[in-house]
Structure formats: structure tokens, C-alpha cells
Amino acid sequence: MKTLFIALITLTSHFTAGTALKEKQQALMNPAVQVQSLQSQTEANHAKHHSYMGSHGMAVVFGENKTLIAHHMPLFYFPHDYQVVYKIKVNSNSDFEKLLALSSKPLVTILPDNFYLLKLINKTRFSVKAKVYDGHFERGGTPLFDTNVLFEKALYVEPIVTKDQLTNSIMTFDLVSIENNHNLLAIKKIIEKPSFDALTWVAKTRAEKAKSITCSHVETGPVLETVQILNEISTCLGTTPVYLETADFK
């Protein structure tokens, strides 16, 4: 009797599970359910697209022959997890000269009016009003003037895809050739935690025809020290970064 009771429970369980699976399959075949599922997916995609709309600060890098470069200041998390470098222009000669006059400053940033970051990711050419700062726009930088910035040409667009946390990190710099510049722009590829964001110039003769330069292992602890990073970059590339950010990548 006990054996028969167990068998009946098992049979009932299989029947119930089979019935539930069949009902689920039938529900999925229901056109109304399919429409609802598609609608939910569309709404999720719309929400993700909409979240790209917002404030996206940039660091300004000054190249040769009065070249202006904007570097999207990325973060590890969405939607700011993209490294983007653009060649830019401003809409007036007076603003252009005011920007060039800041080239000796340690850091110049711009904060455009809210816009879709997807424009940069999709390498779109567009204009937007922006405020120019002497220093970091979020860390006490001094607002100087407003100007219209033309994002003229995408030079580098890469998503940040981080691996597991590393203690022996390899520095890889992707190299970008810029018109009217004798040097290549080296962009630190952010692929590990902790990490840092850095731009520096490298002579074309140093890089030859390479698309990137990978430095030897960097012995690091849980926190990357700025002095250590500068020394490692100097040893590897023979240059000092024109832009370096560590605080956002701990």
C-alpha cells in the first residue's frame, strides 16, 4: 500500500508538471501573449535608449596645428561605459582662440547640454551647446564661457568590457592617427578593475605601423597609485599623459 501511494504521488507530480508545461507552451503560442512579450521587449529597448539621454562630460585635448579633441569621460557602468574620442570644432573664431589659450592648463573640460550618447557611439556628426571649464566640471572647475561644439569626426569608439579584477595588469594603448598631427594619440584601453583612463601622444616612429602598444606587466595592489601609473606609462611609452583619471576607476 505504501509503495502504491508513492507511485500515485509520483504519477500525479509528473502529470501536474506536464500539464503546466503544456499550458505554458500554449500560452506562448497565444497571439495576445506574443504581442505582450514583444511590447515588453520594445519598452525595455526604449528605456535603455532613453537612458543614454543626459549629461556627458568631456575632457579637451589639444593636438598639433590647433587640433581640438574631445574625450568622453567614461565610467564602468551604463550608460557611460564607452570610450569615445572625437575631433571637434567650435562655432566662432573668438571661442576657438579662447580655447587654445587654455592649452597649457592641466585640465580643460566641457559639459554639453543634455544629448543622446548614442550619437557619439554611432559616430554621428552633430552640434551641441557646451560650457567650457578650467578644471574638472564636477570637481570644482571654473566655468568660463559657453560655445557651440561641433562633434566633427569620430576617432575612437569602444565599449568598456571589464574582465575579472586583476592584480597583475597589462596596459594596452590603442593608437589613433589624427590628420595634421605628426604624433599618434595613445588611448588606454580600459579592460580591468581597478583601472585608469589615460591619453598620451606617441611618435609615429615609436609605434611604426602598430595599431596598439601593450606594456609589460604592471605590479599593482587593490588601488592604483597615480605616481606609479605615471612612472609605468613613462617607462613604456616614453611620454607623460595629457589626460589621466584614476578616481572613477577604483
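**A disulfide, a barrel and a crossing helix**

Searching the whole structure turns up one disulfide, a term used here for a pair of cysteine sulfur atoms within 2.5 Å. It joins Cys-215 to Cys-236, with an S to S distance of 1.8 Å. Distant parts of the chain are linked in this way: Cys-215 belongs to strand β12 (residues 212–219) and Cys-236 to helix α6 (residues 226–237), 21 residues apart. Helices (H or I, at least four residues) and strands (E, at least two) are DSSP runs, numbered from the N terminus. The link of Cys-215 and Cys-236 is left-handed, with -85° about the S-S bond. Cys-215 counts as buried because its relative accessibility is 7%, and Cys-236 counts as buried at 16%; buried means under 20% relative accessible area, exposed over 50% and partly exposed in between (1.4 Å probe, protein chains only).

A word on the model itself: it is predicted, local features need pLDDT of at least 70, side-chain atom pairs count only at pLDDT 80 or more, and totals for chains, interfaces and linings use all residues. Residues are numbered from 1 along each chain as its sequence is written, and side-chain values use heavy atoms, with hydrogens and water left out.

Turning to the sheet, six strands close into a barrel in the order β2-β3-β4-β8-β7-β5, with antiparallel pairing. From one strand to the next, the twist averages 45°. Two strands are taken to pair if DSSP finds at least two bridges between them; β4 (residues 82–90) and β8 (residues 142–159) pair in the antiparallel sense over nine bridges. Tyr-86 has Ala-154 of β8 as its bridge partner.

Helix α3 (residues 93–100) lies across β2, β3, β4, β5, β7 and β8, and runs at about 80° to β8. Axes are lines fitted to C-alpha atoms, for helices over the stretch in contact (heavy atoms within 4.5 Å), and angles run from 0 to 180 degrees between N-to-C directions. Asp-95, Leu-99 and Leu-100 of α3 are buried. These residues cover an arc of only 140° around the axis, so they sit on the same side of α3; the arc is that of the directions from the helix axis to the C-beta atoms. The cover over the buried residues of α3 includes β2, β3, β4, β5, β7 and β8.

The loops deserve a look too. A cis peptide bond, with omega about 5°, joins Phe-78 and Pro-79, and Pro-79 lies in the loop between β3 and β4. Lys-66, found in the loop between β2 and β3, has a positive phi near 60° and counts as exposed at 52% relative accessibility.
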